[in-house]
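Hi,

Here is the model I promised to pass on. Have a look at it first, and my notes follow below.

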Amino acid sequence: MLIGGVALPACLAYGTALGLPWWGWVMVPLLLAALWAAPFGLGLALALLLLRLVPGRRVRETLAVLSTLVVLGLWLVNSFAMPRLLDSDTAVAARLAERLTPAAWLAQISPAHWAAAALSGARAGLPLAAWGWATRLLAAALASLALAGVAARLLLDDVLARLTAGEASAARPRARPRRVPPVGFAALLLKDARLFTRDWTVLGDVLTAGLLWTLLPLVASPLHQAPPRLLARFMLVALAVGLGYEIGARTLPFEGAALAWSRLAPLPPWRWNLAKWTGGLVLSLPLIALSAAAVRLGLPLDGASWAQAVFCGFSALMLALVVGLWTGWTFGDPNWTNPRAMLTFSGRVIASGMLLFQAAAWLGLLALADRYRDSLPAGVAWWGPPALAIVAVVPVLALAERAARRHEWTG
């Protein structure tokens with residue numbers, strides 16, 4: 001994905017802007033393939049070695065959380081820290097650029113450096129130098145794939161045996177004290193809570209996505225300076241809409257194949273959907289509360305403006321969870337393997353469009369209400385967003401109920 005999304009556009013831009021001979025363009029796909037194979041083979045060999053030493057489930061969960069945290073950290077640094085450091089002082093920026101420049105020996109052993117040197121040699125009309133760098137990169141890629149083959153031959157059988165034994169031991173039920181289980185509505189809430197707390201990688205992914213949505217207005221704030229009261233509304237509405245997608249759309253496909261048992265539930269579809277919506281609300285409210293407290297401490301707001309922003313965020317959350325619930329019923333993939341792919345591809349595209357539409361609609365209506373507040377009825381900033389959310393929730397909830405009935409509900 002990074003090769004096609006980062007390296008390929010960079011090579012095309014370089015060759016188009018500065019010019020490459022025909023044999024330089026022939027070299028480009030070879031360089032891209034080698035850039036993919038060089039880390040892939042080494043990473044596969046290290047993964048097999050790690051799975052030989054550590055249980056597979058722990059590796060998957062740990063790597064999922066670490067990758068999410070790394071992406072979040074890099075995003076925060078590039079969005080907030082780097083621009084402020086570079087704009088603060090010329091001397092500081094120069095020292096920072098100097099410290100971030102890799103050492104000469106590190107550049108000489110970097111496959112990316114070899115690919116760049118090959119393209120540079122092609123542009124300069126030096127075929128021997130260019131193909132020399134390309135040959136070095138291709139040799140490193142072949143060596144990496146060979147290392148992966150050796151590791152697979154030596155470790156793959158043992159790793160598969162350990163994974164199979166781990167799944168078998170995990171499938172054995174553990175002896176627990178007998179408790180009277182809840183029934184009906186309470187049972188559905190407890191089941192959803194256990195699903196999210198049991199698979200903590202999915203919960204961590206949801207929390208990270210919610211944080212990213214909250215910080216998104218801050219990234220765009222240098223482009224358009226908004227008053228603190230509007231910025232607070234934008235942040236909480238963005239969080240609410242994002243949580244509606246991240247939580248609401250996952251509650252149904254999260255159950256996987258076990259959702260087939262829903263047709264035997266003693267509850268009608270509307271009560272099942274209401275339980276799912278309530279569970280999403282319970283999980284979302286702590287995040288909304290923490291973000292609201294951070295907004296209160298971080299922005300110069302009076303109490304009334306802050307409370308209105310909280311009302312707006314809660315109203316957007318009410319609607320977003322219902323829209324997410326309908327999305328899960330309509331586009332949920334019970335055979336998901338990646339937490340980011342609990343919906344089908346077409347479902348993710350449609351859900352992203354609805355997510356952006358909700359955010360734009362809420363922010364546009366709030367901006368209009370703030371601009372024409374003198375001509376609107378008294379107190380509309382307080383009762384307007386909840387009333388609008390309730391009016392919009394009813395038809396979407398009906399759509400979710402109709403989608404549930406298509407799954408052959410009884411009751």
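Thr278 counts as buried because its relative accessibility is 19%, and the cut-offs are under 20% relative accessible area for buried, over 50% for exposed and partly exposed in between, with a 1.4 Å probe and protein chains only. The side chain of Thr278 reaches the backbone oxygen of Leu274 at 2.7 Å.

Before you go further, some ground rules. This is a predicted model, in which local features need pLDDT of at least 70 and side-chain atom pairs count only at pLDDT 80 or more, while totals for chains, interfaces and linings use all residues. Residues are numbered from 1 along each chain as its sequence is written, and side-chain values use heavy atoms, with hydrogens and water left out.

**Overall picture**

The chain has 14 helices and zero strands. Of its 411 residues, 36% count as buried. Taking contacts (heavy atoms within 4.5 Å) with a separation of 6 or more, 81% are between residues 24 or more positions apart.

**The cores**

A nonpolar core here is a set of buried Ala, Val, Leu, Ile, Met, Phe, Trp, Tyr and Cys residues joined through side-chain atoms within 4.5 Å. The largest one has 38 residues, and Val237, Val241, Leu243, Leu317, Trp329 and Trp362 touch the most other members. Two or more residues come from each of H10, H11, H12, H13 and H14, with H12 giving the largest share, 12 residues. Apart from this core lies another, of 19 residues, including Trp23, Leu32, Ala115 and Ala118.

What does Trp362 touch, leaving aside its neighbours within four places in sequence? The list is Val237, Val241, Ser315, Ala316, Leu319, Pro385, Leu388 and Ala389. Ser315 is found in helix H12 and is buried, with a relative accessible area of 0%. Not counting residues up to four places away in sequence, Ser315 touches Trp362, Pro385, Pro386 and Ala389.

**The cavity**

How many cavities of 30 Å³ or more does the structure hold? There is one. The largest cavity has a volume of about 60 Å³. For the method: on a 1 Å grid over the protein atoms alone, a cavity is a set of points where a 1.4 Å probe fits but cannot get out, a pocket is an open set with protein on both sides within 12 Å along at least five of seven lines, and lining residues have an atom within 4 Å of a point. Grid points are joined across faces, edges and corners, and a volume is the space filled by probe spheres set on the points.

The lining of the largest cavity consists of Val241, Gly244, Tyr245, Ala320, Val323, Gly324, Thr327, Ala351, Met354, Leu355 and Gln358. H10, H12 and H13 each give two or more residues to it. By class, that lining has seven nonpolar, four polar and no charged residues, where Ala, Val, Leu, Ile, Met, Phe, Trp, Tyr, Cys and Pro count as nonpolar, Asp, Glu, Lys and Arg as charged, and the others, Gly among them, as polar.

Val323, one of the lining residues, is found in helix H12 and counts as buried at 12% relative accessibility. Val323 touches Met354, Gln358 and Val396, not counting residues up to four places away in sequence. The C-alpha atoms of Val323 and Gly248 are separated by 7.4 Å, though the two are 75 residues apart along the chain. Gly242, in helix H10, is buried with a relative accessible area of 0%.

**The second largest pocket**

This pocket has a volume of about 410 Å³. It is lined by 22 residues, and Arg233, Ala369, Asp370, Val380 and Ala381 are the closest to its centre. Helices H10 (228-248), H12 (303-331), H13 (345-371) and H14 (380-405) each give two or more residues to the lining. By class there are 13 nonpolar, four polar and five charged residues.

**One more spot**

Ala38 lies in helix H2 (residues 22-53) and is buried, with a relative accessible area of 11%. Ala38 touches Ala141 and Ser144, leaving out residues up to four places away in sequence.

Cheers

Definitions and conventions:
Helix = DSSP H or I, 4+ residues; strand = E, 2+ residues; numbered from the N terminus. Polar contact = N/O pair within 3.5 Å; in protein donor to acceptor, adjacent residues only side chain to side chain.
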